[in-house]
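Q: I have a new model open and would like to learn how to read it. Could you walk me through its features one by one?

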Amino acid sequence: MLINSNNKTMTLKQFKIVKLAVVFLLAVVFSQAIIFKNYLIPIIVLIICYLVLFYLRGRVKEIIADERDYLTGGKSALLAIQIYSWVAVIAMFILYANRDLNPAYEPVAMTLAYSTCILMLLYAIIFRYYNKYKLNDKKLIYTILVLVLFIVLAIFSARLFSGEDNWICKNGEWIKHGQPSFAAPSVECK
Amino acid sequence: MENKIKELRTKLNITQEELANQAGVRRETIVFLEQGKYNPSLKLAHDVALALKTTIDKLFIF
């Protein structure tokens, strides 16, 4: 068994095995979701997996990460954000400038632009929090993260499922509804 | 930063793993500390000094 039944604890090695299994499970679920075009199941599975790992992490009595890991993680995260932002912004400008060549470039450019903005906004909020308040109030950090995630998802869902500025399939033809910023879908309209 | 962690640890006959457990860090952190490749926080320096039955100023060479 992966959890020691006598004291309900887990070793770091066991936890890593479970984490690897979860990654495989997620990969399978995500690939199947794309094939069957069901996007609700992977989100539910992702949340369940996160909760399971969160619970199991509490069962590990060994030290998973210490101050050096957090320091390295912080530096790596900052560098990753900077690299991603530069690459995304340059790619966004190139794609947007060449949108006449292929209309599909515009939504990709917009996605890159918005994702960069959200990433920088999140970084600024979290940095401000860490800079101003104490560093070990995990409950408040999780609350802020959940709130930010909820707001981002709400905006994204409202934009995606509102039906405004989209292409509608009518009598075998794609008809503009509002002012969609992207080209008509390439899939056949039935 | 130079330090006497390895010297004192050997004198006390304790392993890196044992010192790591006492200081509440991973073994790799002790390796980096001994090699002088990582500057610890004040708390970690205190915990390591405590585990090696010494003080911070005697453990680290400033």
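A: Let us begin with a helix and its partners: the buried residues of α3(A) pack against α4 (105-132) of chain A together with α3 of chain B. Here helices (H or I, at least four residues) and strands (E, at least two) are DSSP runs, numbered from the N terminus. This is a predicted model, in which local features need pLDDT of at least 70, side-chain atom pairs count only at pLDDT 80 or more, and totals for chains, interfaces and linings use all residues. Residues are numbered from 1 along each chain as its sequence is written, while chains are lettered from A and ligands numbered from 1 in the order in which they are written.

Q: Which residues of α3(A) are buried?

A: A residue is buried if 20 or more other C-beta atoms lie within 10 Å of its own, exposed if 12 or fewer, and partly exposed in between, with C-beta atoms placed from the backbone. In α3(A), Arg68(A), Met92(A) and Leu95(A) are buried. The number buried is 3 of the 31 residues of α3(A), so this helix lies largely in the open.

Q: What does α3(A) span from its first C-alpha to its last?

A: The expected span of a helix is 1.5 Å times one less than its number of residues. Helix α3 (residues 67-97) of chain A reaches 45 Å, close to the 45 Å expected.

Q: How do I describe two helices that pack together?

A: Two packed helices are described by the angle between their axes and the distance between the axes. Axes are lines fitted to C-alpha atoms, for helices over the stretch in contact, and angles run from 0 to 180 degrees between N-to-C directions. Angles under 35 degrees count as roughly parallel, over 145 as roughly antiparallel, 65 to 115 as roughly perpendicular and the rest as oblique. In chain A, the axes of α1 (residues 12-36) and α2 (residues 40-59) come within 10 Å and cross at roughly 175°. α1(A) and α2(A) are therefore roughly antiparallel to each other. The residues of this contact divide into 15 nonpolar, no polar and 2 charged. For these classes, Ala, Val, Leu, Ile, Met, Phe, Trp, Tyr, Cys and Pro count as nonpolar, Asp, Glu, Lys and Arg as charged, and the others, Gly among them, as polar.

Q: At what angle do α2(B) and α3(B) cross?

A: Their axes cross at roughly 105° and come within 8 Å. α2(B) and α3(B) are therefore roughly perpendicular to each other. By class, this contact has 4 nonpolar, 2 polar and 2 charged residues.

Q: Where should I look for a core?

A: In soluble globular proteins, nonpolar side chains tend to be buried together. A nonpolar core is a set of buried Ala, Val, Leu, Ile, Met, Phe, Trp, Tyr and Cys residues joined through C-beta atoms within 7 Å. The largest one here has 14 residues, and Ala23(B), Val48(B) and Leu52(B) have the most contacts inside it. α4(B) gives the most to this core, with 5 residues. Apart from it lies another core, of 5 residues, among them Met92(A) and Leu95(A).

Q: What does Val48(B) touch beyond its neighbours within four places in sequence?

A: Two residues are in contact if their C-beta atoms, placed from the backbone, lie within 7 Å. Val48(B) is in contact with Ile5(B), Ala23(B), Leu33(B), Pro40(B) and Leu59(B).

Q: How many helices and strands does each chain have?

A: Chain A comes to 5 helices and 2 strands, and chain B has 5 helices and 0 strands. Buried residues make up 4% of the 190 residues of chain A and 29% of the 62 residues in chain B.
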